[in-house]
Every structure is written in C-alpha cells, then in structure tokens.
Amino acid sequence: MPDKRKWGDQHINNSIKQIDSATWLFGSYILHRTSAQCDQANWIDDRDHSSYCLTKQPSPSSASTTPLNTPHIKLIHESGDASAVWSIGSNVICKVRYLEKGVTPESATLNFVQGKSPSFETPKVLFHAFSRDRSFLFIQRLPGLTLDKAWPSLSEEWKHYYVKAIVDVCQEMAKWKGDRVGGVDKRFVPEFFLVRTPGDDDFSSVPEGCEAIGMDCTDLVFYHADLGPSNIIVEEEPRHGKLGIIDFEISGYFPRGWIRTKFRLSSGMNLSTSTPSCPATWWRSEVQKALKIRGFDDYSEAWMKWRGY
C-alpha cells in the first residue's frame, strides 16, 4: 500500500487548527462561531444560541494558526492515523479522513439513504469539504447513545430486540437494488475484506473479490457493511426502540451473500465489553444467526480459503 499517512503537525489528529477563540481552520475552509444569529450560518446550535459559518479561503491560507484549544471543538474518536472525529458544539460532528482514490464520498451515500425515507434515522449532511489530501464531513449528531455504550444497562429483552431490529434494517436496505458492485454514485467502496491483495487500497478489485468467494454477483443489494454496536444509535432510556445508523463510509451495493458473511468475519463489529454470559462476539453472532433464519447465505468458509487461512 502506498504510504499516504502523515505524522507530526500533518497527522490526521492535527487536521483542525485554531485561528482565534471563535475561528478555526479546516483545511482550506474557515469555521467561525458567533453568539448572534447569522443569516449565512451553515447551522445554529440551539443549546447555546450560537451560529457557525463556513467560508472558503484562498489556498494556501495566510491565517496564523495555533494548536486546537477550545471548549467548542473536542476530539471524540480516532482510528490510528487514518481518521478522526470531532464534536462541534452540541449537535454537529466533523469527520476527517484521508482521501481514497475513486471512492464514493460518505456524504453521497448519506444523501442517497435519506432519499429512501428509511425506517431508521441517519445523520443529515451539512457540508462536505475536500482539501488537498483529506476530507471534512460536517453532519448533524443523532440524539441518543451508541448501542455499545448502552449495552451493559440493557435487559436481555432489549438486547434481542435490537438484534431483530438490525436484521430488519438489513432486509429493508436489501430492497434497494444496484447494477454493479460499488458505491451509489458508481464509484468504489473501500471494503478491505474484498480487495485482491490484503491491505491494498485498490478498491477497483472489490468486484473480483466478490466473485472469488462464489457469491451471486447478479443480485446486488445495498448494505451498510459495518453494523457493529458503535455504529448503531439507540435511545438513552429504551422506550420506543427507535434506531439511528451512522458511519456509511463503506456502504454500497454488494452481493446479498455479503450481508451475513461480513457479520461472521469482522471482529470490528464486536462489543467493546465481554462477560462470561455475554462475550464480545455476542452481537454479531446473534445477528448472523438471525440472518440465517431470514434466508441469508454465508460465504465465510470460502472467504477464509480465498485468504489462505
């Protein structure tokens, strides 16, 4: 894989720079916060009655910057040197990722899913900025907790309810048919499990991977492909069973057989906690078993043989 990662001041975790106490640099864009209502605002934070406005700056920006130091923008998630997520105020998230050649932007996928009026909630795209080697996706935060965080306090009844609910979501999305393996805009999906060479970022080989493990590539359906407990949003106190789904970075059209198979293979969909009665694998194990009952096939053994395990 070509070395695309940056270190030191250019590390992904240093993608946001501070200009002053109310102004920040996001690549080639300036984000300004004001305590007054602003007609040009990209969004308004109702909790503290502030407005946020993004403007494009000439490249390179001449603004003098310092490391991020503000109560309004906080790093809430990082994935090594590949991506990072910040909260902005009380209701907006900014996801920063390195650009991958030929890959469908998550904003395009989110807009596609929302256009389907799904039964579950998804984040609204506010703005997607592309700057040199990375992207800055601004989305609304969904209310609630991740299923992973809520898990220890859930009853057995609610745990099994969410298993069924996610299987229902998989079936709902599987009704959205595609004509080629890839993203909703005809570009590629960054599914590392299906590339020709492990660790490679040539995602044009994903269709070849689907064929190599024997899946039916004539029946292509939309699939999230990363429905682990950290990407499912539930109510803080479960009452109505409402669901939100986030992180559509690798979502797109796949053979129907990949839906159950991915749950069999991906440890990234494990729970973060483990007990004797509920091991970390409980979630994806129960989901894949429920998918089997619904008629979804499993190609995990063929995948293992293809990978040489």
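The legends below describe close-up views of a predicted model.

**View 1. The largest nonpolar core and a second, separate one.** The largest nonpolar core holds 62 residues, and those with the most contacts inside it are F120, I166, L243, W258, F263 and W283. Helix α3, which spans residues 156-173, supplies the largest share of this core, namely nine residues.

**View 2. The surroundings of W258.** Leaving aside residues up to four places away in sequence, W258 touches E191, F193, L194, I213, M215, Y223, L265 and W303.

**View 3. The aromatic pair of F112 and W176.** The structure holds 20 aromatic pairs. In the pair of F112 and W176, the ring centres lie 6.0 Å apart and the planes stand at 85°, so the pair is edge-to-face. Because F112 belongs to helix α1 (residues 106-115) and W176 to the loop between α3 and β13, the pair ties together parts that are 64 residues apart in sequence. W176 counts as buried, at 9% relative accessibility.

**View 4. The aromatic pair of F193 and W303.** Here the ring centres of F193 and W303 are 5.6 Å apart and the planes meet at 40°, so the pair is tilted. The pair links distant parts of the chain, 110 residues apart, with F193 in the loop between β13 and α4 and W303 in helix α7 (residues 300-307). F193 is partly exposed at 23% relative accessibility, whereas W303 is buried, with a relative accessible area of 7%.

**View 5. Charged ends over rings.** The charged end of K56 sits over the ring of Y29, 5.5 Å from its centre, and that of R256 sits over the ring of F296, 3.8 Å from its centre.

How values were computed:
Residues are numbered from 1 along each chain as its sequence is written. This is a predicted model: local features need pLDDT of at least 70, side-chain atom pairs count only at pLDDT 80 or more; totals for chains, interfaces and linings use all residues. Side-chain values use heavy atoms; hydrogens and water are left out. A nonpolar core is a set of buried Ala, Val, Leu, Ile, Met, Phe, Trp, Tyr and Cys residues joined through side-chain atoms within 4.5 Å. Buried means under 20% relative accessible area, exposed over 50%, partly exposed in between (1.4 Å probe, protein chains only). Helices (H or I, at least four residues) and strands (E, at least two) are DSSP runs, numbered from the N terminus. Contact means heavy atoms within 4.5 Å. Rings of Phe, Tyr and Trp (its six-membered ring) pair if their centres lie within 6.5 Å; planes under 30 degrees apart count as stacked, over 60 as edge-to-face and the rest as tilted. A charge sits over a ring if NZ of Lys or CZ of Arg is within 6 Å of the ring centre and within 35 degrees of the ring normal.
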